[in-house]
Amino acid sequence: MIIDEMKEMLHYERISTYVNKNRKDDMGAGLFYIAGATVINIISSFVSAAALWLNYSMMQSLSSLSSRQVISMDPFTAMGIDIATYIIILIIGGVVGFFSTIVGLSVTHYIASMLGGKARIGEYFFIGSRLILFATIVAFVLTILNQIPCIQCITSVLTLVFFVYTIYLFIVLTSTLYSISRLWAFIAIIAGGIAQLVVSMIVLSIAGILTNLPLGIKWIERMMESYSTMRSSVNY
């Protein structure tokens, strides 16, 4: 059942029909779908981190690099965190992501309404968050496939292409649901995306200051420091 719905909703020619057939003012279901997508994103991030740690462990046992080089290339050591801390960061990021997604969808709804859209916020949450959930499931599969060394280049390109494709589907969905042009739908989605990004960065940065964890701006700074450390160690 869910596979059939995913095929319909993720098809660029069928999504408009799917939206019109499945209009429902159900905010609760929408929040449930967002929560599901959040859990999948947390698991996906953990899988990526686990694969990165496994690659490091293999390199540690097989590489001819010096011990200083190998240790500094440990993604967790380079970031100055351990696995337990990373899991906490994932959970905090997931919670913030859940609420920032709500903000993003809400802003998109109000902008679309200001531009002449005729839909209720509960309808947008129901159908929009369902698309988010379906797209997250596909992204999770691509993350799993991306751990296979021989096809990483292909899956990386597919992930980027699917991200752009998902934005297009959101434009079609918003345009159909609100009965506005795709240009207005694009503007509303961009506004919602910016609001979501800003809220996430502000909240995570504040959380980073309060907990002394690498969150928000601190995460970006730590990543840059980590990259510099790993690069200098390889050249050592």
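The model is predicted, so local features need pLDDT of at least 70 and side-chain atom pairs count only at pLDDT 80 or more, while totals for chains, interfaces and linings use all residues. Residues are numbered from 1 along each chain, and side-chain values use heavy atoms, without hydrogens and water.

**Exercise 1.** How many helices and strands are in the protein?

Solution. Helices are DSSP runs of H or I with at least four residues, and strands are E runs of at least two. The protein has 10 helices and zero strands.

**Exercise 2.** How do α6 and α9 cross?

Solution. Take α6, residues 83-114. Helix α9 spans residues 182-211. The α6 and α9 axes come within 7 Å and cross at roughly 150°. Therefore α6 is roughly antiparallel to α9 (under 35 degrees is roughly parallel, over 145 roughly antiparallel, 65 to 115 roughly perpendicular, the rest oblique).

Now take α8, residues 152-178. α6 packs against α8 at about 50°, with the axes 11 Å apart. That makes α6 oblique to α8.

**Exercise 3.** Is I187 buried or exposed, or partly exposed?

Solution. First, locate I187: helix α9 holds it. Next, apply the cut-offs: buried is under 20% relative accessible area, exposed over 50%, partly exposed in between, with a 1.4 Å probe and protein chains only. I187 has 36% relative accessibility, so I187 counts as partly exposed. For the whole protein, buried residues make up 39% of the 236 residues.

Note on methods:
Axes fitted to C-alpha atoms, helices over the stretch in contact; angles between N-to-C directions.
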